[in-house]
Amino acid sequence: MSVSRPAAVIVLAAGEGTRMKSRLPKVLHEICGRSMLGHVLAAAAELRPQRTTVVVGHAREQVAQHLKDVAPDVSTAVQDQQNGTGHAVRMAVEALREQGVELSGTVVLAYGDTPLLRGRTLLDLVAAHEAAGNAVTVLSARVPDPTGYGRVVRDSGGAFTEIVEHADATEAQLAVDEINSGMYAFDGALLTEVVNRLSTDNAKGEEYITDAVAILRGDGHRVDAAVAEDWVEIQGVNDRVQLAEARRLLNDRLLERLMRDGVTIVDPASTWVDAQVKVGRDAVVEPQTQLQGHTVIGEGARVGPATLLRDTRVGDDAVVGHTVAHEAEIGPEASVGPYAYLRPGARLGRGVKIGTYVEVKNSVVGEASKVPHLTYVGDADIGRGVNIGASSVFVNYDGVNKNRTTIGDHARTGSDNMFVAPVDVGAGAYTGAGTVVREDVPPGALAVSAGQQRIIEGWVQRKRPGTPSAQAAEQAGRGLPGSDD
């Protein structure tokens, strides 16, 4: 679809949102990896507008800081007093004028609490608006239950005539299922003029942008409504119940898109993905899995069950199950889990195995190396083809500083090792079970630190008489060669 770039998109986000009962501004509540406001801005960005302005009011500092973090090109306009939607739009128009922006072209109005809104719907709205040469085009929707919404009234030929609020509607108008979403496409020049003509002569004493529609139509300008393809998109979120409903709907939409792109989602009901997650073809996502942030899953990979990945990359054909990973990189054909924990900076090469109850932090594990069991790897560089014995610890902290350990290619380390950093274990070296490695180990050498084993006969009977251990030892001793029995 080819439409002109709108002169501006104005997003209203000044309300307090008291029904959320939260210290966090309503529009900043997260849904599928983005704030509600972030989702609306992402939809608006598909229009490639020349300007995007967000009207802020309640907790404006928090909202403005969030915008700097996620959308630094977006400007703000301040609505000190929440005096209605028309007043908010006027504040945006005045702020743009102060920036030297003349609104010549289409201006789109949206709301920061409609996270299900799609860019395609806004593109359709702008296309319909410009094709008809309208002064304003209302984004409408046909809903199952229109109670409480303003109705879009049309004549017998289907042409738009007016918007009637629910309280003012006749019985016939109450039966209409087409409602006003509150979002519009305006002719920018006409919007600049009409916002100064909005009246506060109403029960709340506020300026309403819906009045602009009646004013422009009364002036003889063309006004119409474009129906959204999916009414769910125009729903606003006002409390935690609606937030959860929107999250489920958006998650379903994201999962459907992945499945249609060639990804197997075994159990969509228990799988959650964020909006910016990418999954390659023929990947399989098992039940009870969460893919968050900017996580990327390669082709043919298998992730889950019961796995949480945040801002993590998984290579092609890797297998990751019962695992938590944050800001990690898992190479192609690697195997991770069950019950592994990859912390930020963990980088696993091709074919690496990270096994049960292994934690990796800020470390590189080279191609085809294995850390199979019960081990902490922190601040380490492990070469290719290395095997780390069970129950080992990379002792990276000296009480003041973090230090690194290096394990060379094809080294074999014994079980229950302690690598006291900084220390290097050379290529092809071995370490014995129970070794505390405090000094560098040359390539091909064997390092051991435990003394020779000593046997003290009869110690339990002498030192622990009467205990179950002593009784078991006595019974076992009776059956030995040379015993009295």
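**Notebook: pockets, cores and annotated sites**

I began with helix 8, which gives the lining of the second largest pocket its largest share, seven residues. Helices here are DSSP runs of H or I with at least four residues, strands are runs of E with at least two, and both are numbered from the N terminus. Before going on I noted that this is a predicted model, where local features need pLDDT of at least 70, side-chain atom pairs count only at pLDDT 80 or more, and totals for chains, interfaces and linings use all residues. Residues are numbered from 1 along each chain as its sequence is written, and side-chain values use heavy atoms, with hydrogens and water left out.

**Second largest pocket**

I looked up the volume of the second largest pocket and got about 460 Å³. Besides helix 8 (240–260), the elements giving two or more residues to its lining are helix 1 (36–45) and helix 4 (119–132). The lining has 18 residues, and nearest the centre lie Arg-118, Leu-250, Arg-253, Leu-254 and Arg-257. By class I have nine charged, seven nonpolar and two polar residues in that lining. (Ala, Val, Leu, Ile, Met, Phe, Trp, Tyr, Cys and Pro count as nonpolar, Asp, Glu, Lys and Arg as charged, and the others, Gly among them, as polar.)

For the record, the search runs on a 1 Å grid over the protein atoms alone: a pocket is an open set of points with protein on both sides within 12 Å along at least five of seven lines, a cavity is a set where a 1.4 Å probe fits but cannot get out, and lining residues have an atom within 4 Å of a point. Points are joined across faces, edges and corners, and a volume is the space filled by probe spheres set on them.

**Leu-243**

Still on helix 8, I checked Leu-243, which lies in it. Buried or exposed? Leu-243 counts as buried, at 6% relative accessibility; the cut-offs are under 20% relative accessible area for buried, over 50% for exposed and partly exposed in between, with a 1.4 Å probe and protein chains only. Leaving out residues up to four places away in sequence, Leu-243 touches Met-20, His-29, Glu-30, Ile-31, Met-36 and Val-237, contact meaning heavy atoms within 4.5 Å. I also have Leu-243 and Pro-115 at 9.3 Å, C-alpha to C-alpha, though 128 residues separate them in sequence.

**Cavity and cores**

How many cavities of 30 Å³ or more does the structure hold? I found one. The largest cavity has a volume of about 40 Å³, and its lining is Val-93, Arg-97, Val-101, Glu-102, Leu-103 and Thr-192.

Next I went to the largest nonpolar core, which has 71 residues; Leu-37, Val-54, Val-89, Tyr-184, Leu-191 and Ile-209 have the most contacts inside it. A second, separate core of 59 residues includes Val-232, Val-263, Val-279 and Ile-297. (A core is a set of buried Ala, Val, Leu, Ile, Met, Phe, Trp, Tyr and Cys residues joined through side-chain atoms within 4.5 Å.)

**Annotated residues**

I turned to UniProt, where an unreviewed entry places "active site" at His-373. Its positions follow the numbering used here, with feature names shortened, and annotations may be inferred rather than shown by experiment. His-373 is found in strand 29 (residues 370–378) and is partly exposed, at a relative accessible area of 40%. Which residues does His-373 touch, not counting those up to four places away in sequence? I get Thr-356, Tyr-357, Val-358, Ala-390 and Ser-391.

The "binding site" annotation, also from an unreviewed entry, covers Ala-390, Asn-396, Tyr-397, Ser-415 and Ala-433. Ala-390 is in the loop between strand 31 and strand 32, and beyond four places in sequence its contacts are His-373, Leu-374, Thr-375, Ser-415 and Asp-416. Tyr-397 lies in the loop between strand 32 and strand 33 (405–407) and counts as partly exposed at 47% relative accessibility.

Most residues other than glycine have a negative phi, and most peptide bonds are trans. I noted Ser-391, not a glycine, with a positive phi of about 60 degrees; Ser-391 sits in the loop between strand 31 (387–388) and strand 32 (393–395). His-322 also has a positive phi, near 45 degrees. I logged a cis peptide bond joining Gly-337 and Pro-338, omega about 5 degrees, and a cis bond joining Ala-421 and Pro-422, omega about 0 degrees.
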